[in-house]
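Please look through the following chain with its sheet, its helices and its aromatic rings in mind.

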Amino acid sequence: MEYQNIIVETKDKVGVITLNRPKALNALNDQLMDELGHALLAFDQNDDIGCMVITGSEKAFAAGADIAAMADYNYMDAYKGNYVTKNWEHILRVRKPVIAAVAGYALGGGCELTMMCDFIIAADNAKFGQPEIKLATLPGCGGTQRLPRAISKSKAMDLCLTARLMDANEAERAGLVSRVVPLEKLMEETLAAATTIASMSLPVVMMIKDAVNRSFESGLTEGVHYERRLFHASFGTYDQREGMKAFLEKRPANFQNK
Ligand code: HXC
């Protein structure tokens, strides 16, 4: 697939996808979401990649779904066209970790996209919000569900109902983002985190992502049981043996991703 709305690069074992519709502040249209899904799934299949990063520009990660593209939709366009299910949720099938590196606006569908990533590193100029209410619609890709889980019902209601934007520091205090870094350090810090992850044993990385995600889908007892099964499974890997032996022999581990 030839990409026109994203830039795809690899940095060592990290796959980097940059949303690239600068004139529309990376508004997310069908073409862009098709391309993003394709690129993510291609990296997921690529044995040389251990972690992915999605980022935007300094001004906008993404200012939301493309309002110009959806302004004339009627109910049947949305329902029969399977908007947004048909191409926004490929990311949920990705088994390797995906980090969102967010500078500037992450609004509406842009905020929802960051929440479908595994964690968010924010530049100090980042702004998050679900302002759909101003357009007389609502978050349509999980915002009303993932935001309260991330930042509490009260804050999620506040953001979704008033359309106010939350800055990076508030987002960190609320637990939406894992760290806030100076804008000029955003990619350096994110790539360092991604490179660290990519240096770990990939099957175990995927098990950890799977187990943490399970916590959103299950009760505690079932979730802990799921974790325990994966924990036991890790003892079936070559890398567990290598990792523990390397520790005891006081040398770096040489993981084989098996
Ligand atoms: C289409 C958009 C856009 C969007 C910005 N642009 N956001 N185009 N869809 N979501 C375009 C503008 O029309 C403009 O194009 C150009 O990008 C620059 O934007 P400005 O508004 O001139 O920039 P600025 O004054 O700096 O304001 C930035 C902004 C504002 C505060 C982010 O653009 C804004 O409020 N955007 C909309 C945010 C929003 O409502 N998002 C939720 C969308 S609904 P021109 O051609 O005029 O230069 C949604 C639903 C999700 O996401 C549910 C399904 C996933």
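The paragraphs below take up the sheet, then a helix pair, then the aromatic pairs.

The model is predicted, so local features need pLDDT of at least 70 and side-chain atom pairs count only at pLDDT 80 or more, while totals for chains, interfaces and linings use all residues. Residues are numbered from 1 along each chain as its sequence is written, and side-chain values use heavy atoms, with hydrogens and water left out.

Helices (H or I, at least four residues) and strands (E, at least two) are DSSP runs numbered from the N terminus, and two strands pair if DSSP finds at least two bridges between them. Four strands form an open sheet in the order S4-S6-S8-S9, with mixed pairing. Strand S4 (60-62) and strand S9 (166-167) stand at the edges with a single partner strand each, so one side of each lacks a neighbour in the sheet. Strand S8 (residues 127-129) runs antiparallel to S9 and is joined to S9 by two bridges, with Phe 128 standing opposite Met 166 in S9. Across S4, strand S6 (105-107) and S8 lies helix H5 (residues 109-116), which runs at about 90° to S6; here axes are lines fitted to C-alpha atoms, for helices over the stretch in contact, and angles run from 0 to 180 degrees between N-to-C directions.

In contact (heavy atoms within 4.5 Å), Met 207, Asp 210, Ala 211 and Arg 214 of H10 meet Glu 222, Tyr 226, Leu 230, Ala 233 and Ser 234 of H11. By class, this contact of H10 with H11 has five nonpolar, one polar and three charged residues, where Ala, Val, Leu, Ile, Met, Phe, Trp, Tyr, Cys and Pro count as nonpolar, Asp, Glu, Lys and Arg as charged, and the others, Gly among them, as polar.

Rings of Phe, Tyr and Trp (its six-membered ring) pair if their centres lie within 6.5 Å, and planes over 60 degrees apart count as edge-to-face; the count comes to three aromatic pairs. One of them, Tyr 73 with Tyr 83, is edge-to-face, at 5.2 Å centre to centre and 90° between the planes. Because Tyr 73 lies in the loop between helix H2 (67-70) and helix H3 (75-80), and Tyr 83 in the loop between H3 and helix H4 (85-88), the pair ties together parts that are 10 residues apart in sequence. The rings of Phe 231 and Phe 235, with centres 5.2 Å apart and planes at 85°, also form an edge-to-face pair. Phe 231 is partly exposed at 44% relative accessible area, a class between buried (under 20%) and exposed (over 50%), with a 1.4 Å probe and protein chains only.

Methods:
Phe/Tyr/Trp six-rings, centres within 6.5 Å; stacked < 30°, edge-to-face > 60°.
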